[in-house]
Amino acid sequence: MQKHDPTPPLAPHEPRHQVARCPHCHGELLGLDEVAGAGPLTQAASSNAACQPHLVPPLRVDTVRAADKSQGSLATRRIATLWTLRGLLLRLVAILLLGVCIACLLLLLSPAAQKPVQRRPLVAAPAVDAQPPPAPSPAASLPKPLAGGPRGAIESIVSIRSNNDTGVASLGAGFVVDPRGWIATNYHVIAEATEASVTFANGANYDIAGYVAIDRDFDLAILQLHQSPQVEPLSLATQPELDRLPAVFAIGHPRGLDFSLSDGRVSRRIHTRELPGRSRQFISSLVSSSTDHHWIQHTAELSPGSSGGPLLTANGHVAGVNTWVDVETRFGYALHVEHLQRLLKRPLPELTPLRQFARPSARSAELLRQLSGERIRELHRQASDMNWLPKTDSQYQQLQQLAWCVTVANLPSTFDASELLDSRLKELVTEADRVRRDLAGRTWSGLGQVTVVNEFADQAMMEPQAGIVVFAKVERIVAGSRGQRGMLLRVAGQDQMLFIPLDGHLQHPEPEQHCLILGVNYEGQVVRFGDNPLQLNVAPVIISDLIVPVSP
């Protein structure tokens with residue numbers, strides 16, 4: 001039994017026509033014709049076609065040559081190969097990522113991961129037997145603010161006063177820097193005293209024993225009291241505190257107003273080299289050097305009597321040492337505390353009396369007060385006991401004092417001491433003549449004694465107002481344009497020259513004569529002489545009325 005085929009049979013020479021359908025809706029494609037000679041529509045063409053509802057433009061099939069067909073097929077195969085490689089790479093990357101995720105998951109589920117993590121504490125707890133950390137040193141820690149601020153510092157401030165026969169004179173201010181009784185001040189405050197004391201705000205008074213440290217180039221001195229006062233020393237400001245100094249305070253004794261406090265503000269920090277010329281000249285005369293100091297310029301009120309007092313921060317710490325004031329601009333200048341900090345680290349080998357570093361005028365004033373017939377007799381006895389041959393500096397200083405006393409007694413008007421010595425002058429001249437007769441009658445021991453005496457004199461002959469005992473040889477007598485006469489002498493065994501002015505009554509030795517001279521350096525004055533103006537000789541001026549010829 002034959003099955004019924006509903007499809008009508010094809011004509012013998014008509015192949016079955018294949019209908020192209022839309023790949024989206026499988027509907028019959030519209031507007032497509034078979035290409036002449038190409039047979040039915042190819043699969044590639046049908047895949048690029050679409051029905052009218054899908055708005056796909058009709059596929060255009062052009063007739064190509066066999067070579068073009070083969071080249072197109074090769075390009076198609078290359079593109080397919082590239083896409084195949086890309087797919088393989090993507091699959092490989094996906095597999096790797098999956099493996100990483102599985103490994104992390106296994107790690108989290110492992111027993112070791114279940115243990116609790118012991119974290120280190122932020123601050124380690126000390127062991128039971130551990131020693132506590134050492135306390136920071138005072139230099140490394142910041143100083144504590146002073147109770148009461150700047151006003152609380154007044155109890156550590158002192159008034160420095162000189163002691164003499166005419167009474168007590170105020171010299172300036174100072175402040176306690178060490179519980180052992182160390183007082184810091186300006187050198188120029190204490191330089192005019194050979195004996196002095198300090199007074200605190202509570203009225204307590206202490207004598208000054210001497211210098212602990214001194215720096216004349218920076219106008220600073222640290223003094224030691226005979227007794228240590230029960231006073232808290234002032235703290236020195238640290239650099240961080242000095243970097244921010246809006247307000248400052250000065251404590252001193254301006255014009256006799258003891259322990260007065262004034263406030264102001266810092267104008268600037270400045271060095272000596274940056275100051276105007278007139279200010280540099282003043283500082284040079286004050287400290288006798290060209291040192292480049294570090295100053296704090298401020299507006300706190302300063303007056304005579306404020307020198308040596310502290311310049312304080314708002315916490316009561318020492319920022320500097322008030323030293324001078326510009327009377328035209330009214331700016332005060334305090335020596336920066338860094339200079340004081342350095343000096344505290346460089347004390348003298350031993351406590352030194354005030355007289356040792358006193359200015360010549362101060363030593364002269366002290367000697368004038370002490371000058372008497374008894375004083376000359378005592379110094380003369382000491383010189384005789386050592387046979388005029390000093391072995392120590394202190395012994396030569398005794399000879400210097402005797403030379404000074406004898407010279408002033410014989411020439412009081414030269415030293416403006418006639419009125420002061422009027423009632424004592426006769427006795428002084430008598431004792432000075434006794435010294436002259438003793439020297440003239442002595443036989444000197446020769447070269448050894450001359451050498452030793454002149455070695456000591458070498459350091460003293462250039463010091464203003466210092467007494468001098470020296471052996472020298474007369475070189476020549478010289479005369480000035482105004483009729484002044486003088487004697488040039490060469491120190492025995494040295495190239496140093498001396499110049500002694502001659503007045504009408506002085507009996508001077510002849511040239512080439514060796515002699516022993518007792519005299520005084522005249523205020524540091526010198527004379528210059530020589531044939532070559534570029535290489536002049538310099539000779540200190542020595543005032544003398546006692547020149548004793550000796551045998552060579």
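Two residues are in contact when heavy atoms of theirs lie within 4.5 Å. Keep that cut-off in mind as we walk through this model, which is a predicted one.

Let's start with the overall picture. The protein has 552 residues, and 39% of them count as buried. Its chain forms 13 helices and 17 strands. Now take the contacts between residues at least 6 apart in sequence: 64% of these join residues at least 24 apart.

One of its partners is helix 13, which covers residues 447-460. On the helix 11 side, D393, Y396 and Q400 do the touching, and they meet V453, F456, A457 and A460 of helix 13. Sort that group by class and you get five nonpolar, one polar and one charged residues. How are the two helices arranged? Their axes sit 11 Å apart and the packing angle is about 75°. Angles from 65 to 115 degrees count as roughly perpendicular, so helix 11 and helix 13 get that description.

The crossing of helix 11 and helix 12 is left-handed. From helix 11 come L402, V406, A409 and N410, while helix 12 brings L425, L428, V429, A432, V435 and R436. Eight of the residues in this contact of helix 11 with helix 12 are nonpolar, one is polar and one is charged.

Now stay on helix 12, residues 425-440, and look towards helix 10, residues 373-385. The axes of helix 10 and helix 12 come within 8 Å and cross at roughly 15°. Angles under 35 degrees count as roughly parallel, and helix 10 and helix 12 are therefore roughly parallel to each other. Their crossing is right-handed. Helix 10 uses G373, E374, I376, R377, H380 and S384 here, and these meet E427, L428, E431, R434, V435 and D438 of helix 12. What classes do the residues of this contact fall into? In the contact of helix 10 with helix 12, six are charged, three are polar and three are nonpolar.

First up is T185, which you'll find in strand 3, residues 182-185. Is T185 buried or exposed? Its relative accessibility is 0%, and buried means under 20%, so T185 counts as buried. Its side chain reaches the backbone oxygen of A173 at 2.7 Å. Setting aside neighbours within four places in sequence, T185 is in contact with I160, A173, G174, D219, L220, A221, L223 and G308. Take a look at G308 in that list: 123 residues separate T185 from G308 in sequence, but their C-alpha atoms are 4.1 Å apart in space.

The second residue is H298, in strand 9, residues 294-298. H298 also counts as buried, because its relative accessibility is 0%. Which side chain does the side chain of H298 make a polar contact with? The partner is N322, at 3.0 Å. Not counting residues up to four places away in sequence, H298 touches V248, R265, V266, S267, L311, N322, F331, G332, Y333 and A334.

Terms used: Residues are numbered from 1 along each chain as its sequence is written. This is a predicted model: local features need pLDDT of at least 70, side-chain atom pairs count only at pLDDT 80 or more; totals for chains, interfaces and linings use all residues. Side-chain values use heavy atoms; hydrogens and water are left out. Axes are lines fitted to C-alpha atoms, for helices over the stretch in contact, and angles run from 0 to 180 degrees between N-to-C directions. Helices (H or I, at least four residues) and strands (E, at least two) are DSSP runs, numbered from the N terminus. Angles under 35 degrees count as roughly parallel, over 145 as roughly antiparallel, 65 to 115 as roughly perpendicular and the rest as oblique. A crossing is left-handed if the near helix is turned anticlockwise from the far one by less than a right angle, and right-handed if clockwise. Ala, Val, Leu, Ile, Met, Phe, Trp, Tyr, Cys and Pro count as nonpolar, Asp, Glu, Lys and Arg as charged, and the others, Gly among them, as polar. Buried means under 20% relative accessible area, exposed over 50%, partly exposed in between (1.4 Å probe, protein chains only). A polar contact is a pair of N or O atoms within 3.5 Å; within protein, one must be able to donate a hydrogen and the other to accept it, and residues adjacent in sequence count only if both atoms are side-chain atoms.
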